[in-house]
Amino acid sequence: MKKHNYSAGPCILPQEVFEKSAQAILDFNNSGLSILEISHRSKDFVAVMDEARALVLELLGLEGKGYQALFLAGGASLEFLMIPYNLMKENGKAAYLDSGTWASAAIKEAKYFGETIVVASSKEENYNYVPKGYTIPADADYFHCTSNNTIFGTQMKELPATNIPVVCDMSSDIFSRQLDFTKFDIIYAGAQKNMGPAGTTLVVIKEEILGKNGREIPSMLDYAKHIKAESMFNTPPVFPVYASLLTLQWLKKLGGIAAIEKINNAKAALLYNEIDRNPLFKGAAAVEDRSNMNATFLLNNPEHAPIFDAMWKEAGISGLPGHRSVGGYRASMYNAMPIESVQVLVDVMQALEKAV
């Protein structure tokens, strides 16, 4: 029986990515070698890395616009450190929007490097909305925001206007919706939310912003060195990069970000309409900030939880419980989640309404 995977990460991936990845583990490109054992310097893998990096820029509309794409290790959590190391000047300062757990973690790392200004925070309301109407200091070295908050189910719907470099953690909604990506100077995203398996992190950088902070940067943390080495300064995470390439190829074949955004909007509308219609449920996030990737919701009567839990498990649904910070339920509807799986969840919610 097929499982309907609502896990927040590592995430659901397209079936063809599983199949092609599995074949590559046995025999990659008819080489007689597994993708797990080939040299990262081999012609076959260099081609994988080159195509993956180029396809990222193509899908984001950043080709020929001064950007470079890197596949690094360490997760988005390492980028929390690398961003200030590469962008914050000695005795400089940075501006951060505190909209969730991961934004808060990024702020903690930045404080090691200099003055870190929190322009706004929704912590006092358990991050159930995205702050708005704040002012970004014009003399900050950069502004950092998180586009989608996986735990709390909120998503930035628009970007504030500023003339300083903008850095965005897009770990959980990368490639899911159309944006003017030229408004960002650095985008980073852990692959495991919407792009591939855990083990690699995508970083997209506008090259002209580097090398201006006057810091001595350790080699492994220096974006410029990774760019010069074409994302192979050290041995890259070969298999996660390959699986991410397969996912990017799948997305391009589907019609790119414009096509997947329509599908994602339909999935989100289907589930949120049921949450709002069904008297047994309520949404956890502010309506205007609801995430299309991670829908958080609660039962109005907690006594219904054992019945509901048994029903969705019986329907083959997996990964639905909410994060402990919010409770209730979290339906992560990443790009590869088919709308048919969302319909299964909606059917269960309606069945619960009839049962109680």
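Mentor: Asparagine 294 stands opposite serine 332 in S14. This is a predicted model, where local features need pLDDT of at least 70, side-chain atom pairs count only at pLDDT 80 or more, and totals for chains, interfaces and linings use all residues. Numbering starts from 1 along each chain as its sequence is written, and side-chain values use heavy atoms, without hydrogens and water.

Now the strands (DSSP E runs of at least two residues; helices are H or I runs of at least four). S12 covers residues 294-299, and four bridges join S12 to S14. These two strands run antiparallel. Three strands make an open sheet, in the order S11-S12-S14. Strands pair when DSSP finds at least two bridges. S11 (281-283) and S14 (329-332) are the edge strands, each pairing on one side only. From one strand to the next, the twist averages 35°.

Next, the helices. H7 lies across S11, S12 and S14, at about 20° to S12 (angles run from 0 to 180 degrees between N-to-C directions). H9 also packs on the sheet. H9 touches S11, S12 and S14, and its direction makes about 10° with that of S12.

H7 (residues 256-277) and H9 (residues 339-355) also meet: their axes come within 9 Å and cross at roughly 5°. H7 and H9 are therefore roughly parallel (under 35 degrees). Their contact (heavy atoms within 4.5 Å) includes Leu270 and Ile275 of H7 and Val342 and Met349 of H9.

H8 (residues 305-314) comes to H9 as well: the axes are within 10 Å and cross at roughly 145°. Among the residues in this contact are Phe308 and Trp312 of H8, and Leu345 and Leu352 of H9.

Definitions and conventions:
Angles under 35 degrees count as roughly parallel, over 145 as roughly antiparallel, 65 to 115 as roughly perpendicular and the rest as oblique.
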